[in-house]
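Please open the structure in a viewer and keep the selection tool at hand.

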Amino acid sequence: MRILPGDIKTSQLHAYLLGAVSPRPICFASTLDEDGTPNLSPFSFFNIFGAKPPILIFSPARRVRDNTTKHTLENVMRSKELVINVVSYAMVQQMSLSSCEYPAGTNEFLKAGFTPVESSIVKPFRVAESPAQLECRVLQVIETGTEGGAGNLVICELVCLHLNEAVLNEAGQIDPHKIDLVARMGGDFYCRASGDAVFTVPKPNTTLGIGIDALPKAIRTSRILTGNHLGLLGNSSALPIVETITNDERLVELLREYDTHPEALRHALHQYAAELLDKGDVEKAWEVLLSDSDEGKELMG
Ligand SMILES: Cc1cc2nc3c(=O)[nH]c(=O)nc-3n(C[C@H](O)[C@H](O)[C@H](O)COP(=O)(O)O)c2cc1C
């Protein structure tokens, strides 16, 4: 499918964009209206853009439906300050409730049942239930258009960060399972960034990975190893030299069983290596892959 933005209705494009650029973190923005009434609204057009200075941007967009603007935008344009609260799973239903279009002057802390806490530097309240609350000043607002669906980039500078220590691990870092954040996807979908959904990828810039192009051809073109498997192998800092005869029973068994069937042996070795890579055992996967004599030979030049 090939879509040019002008060829479909804005609402349809909006839906595709929300589904494709996903999941998105949620800025739960706390502001005050001109009478001092608190306003709370979620925005998933949101991210962090630097740490020195610490910059965050979110976008209360013009409604596609009727081209009206949001109370949050009016409030930050006038007062130039807000608190961005992150949203944990425990808060998701109440957060969603606060996105209802209550009339101006409605206290959305009361409507959504959240607890307001005074901020240290800015006037808007923090949300007590949120595990990370970011007091911010507004540096600039950039309108990206004037029609329904246009964004308003609210560029914010963090002035004070409040963290609930319960979300930290022993090393003092934020533990994703403890902070248990949610993110917005397309339609009514959200995702929960903890439990089985969370996984690690070894950072590639600690050593320079050899790259997938440097892998032996039979590995690179394997019909069993996936892009993720090749990525793990290509992240090795050098092609390993496997000199020792292995004492791995399964490997010895495979080498014996398929001694005279090179194609079947390669298939079995790649399958075994794939299992090892899925468990993160890159070293052993190399050993298995390079026990195939052709690949071993290619490696030794
Ligand atoms: C999880 C979530 C994310 C949202 N993200 C955005 C967004 O990025 N931009 C936007 O304009 N509206 C977004 N909305 C809709 C606004 O929250 C909604 O229009 C709200 O009523 C605005 O409130 P306000 O007029 O008090 O500012 C989102 C709603 C939810 C539930």
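The tour visits the ligand, then some loops, then a group of helices.

The model is predicted, so that local features need pLDDT of at least 70 and side-chain atom pairs count only at pLDDT 80 or more, while totals for chains, interfaces and linings use all residues. Residues are numbered from 1 along each chain as its sequence is written, and side-chain values use heavy atoms, with hydrogens and water left out.

**The ligand**

Next, display the polar contacts (pairs of N or O atoms within 3.5 Å). At Asn 39, a polar side-chain atom lies 3.0 Å from an oxygen atom of the ligand. At Ser 59, a backbone N or O atom is 3.0 Å from a nitrogen atom of the ligand. At His 71, a backbone N or O atom is 2.8 Å from an oxygen atom of the ligand. The ligand taken alone exposes 640 Å², of which the protein buries 91%; accessible areas come from the Shrake-Rupley method with a 1.4 Å probe.

**The loops**

Helices (H or I, at least four residues) and strands (E, at least two) are DSSP runs, numbered from the N terminus. Select Pro 23, in the loop between helix H1 (10-20) and strand S1 (27-32). A cis peptide bond, with omega about 0°, joins Ser 22 to Pro 23.

Move to Pro 53, in the loop between strand S3 (46-51) and strand S4 (54-58). The peptide bond from Lys 52 to Pro 53 is cis, with omega near 0°.

Then select Asn 67, in the loop between S4 and helix H2 (71-79). Phi of Asn 67 is near 60°, a positive value in a residue other than glycine.

**The helices**

Select helix H9 (residues 262-278) and helix H7 (residues 227-234), whose axes come within 10 Å and cross at roughly 75°. Axes are lines fitted to C-alpha atoms, for helices over the stretch in contact, and angles run from 0 to 180 degrees between N-to-C directions. H7 and H9 are therefore roughly perpendicular (65 to 115 degrees). In contact (heavy atoms within 4.5 Å) are His 229, Leu 232 and Leu 233 of H7 with Ala 274, Leu 277 and Asp 278 of H9.

Terms used:
Angles under 35 degrees count as roughly parallel, over 145 as roughly antiparallel, 65 to 115 as roughly perpendicular and the rest as oblique. A polar contact is a pair of N or O atoms within 3.5 Å; within protein, one must be able to donate a hydrogen and the other to accept it, and residues adjacent in sequence count only if both atoms are side-chain atoms.
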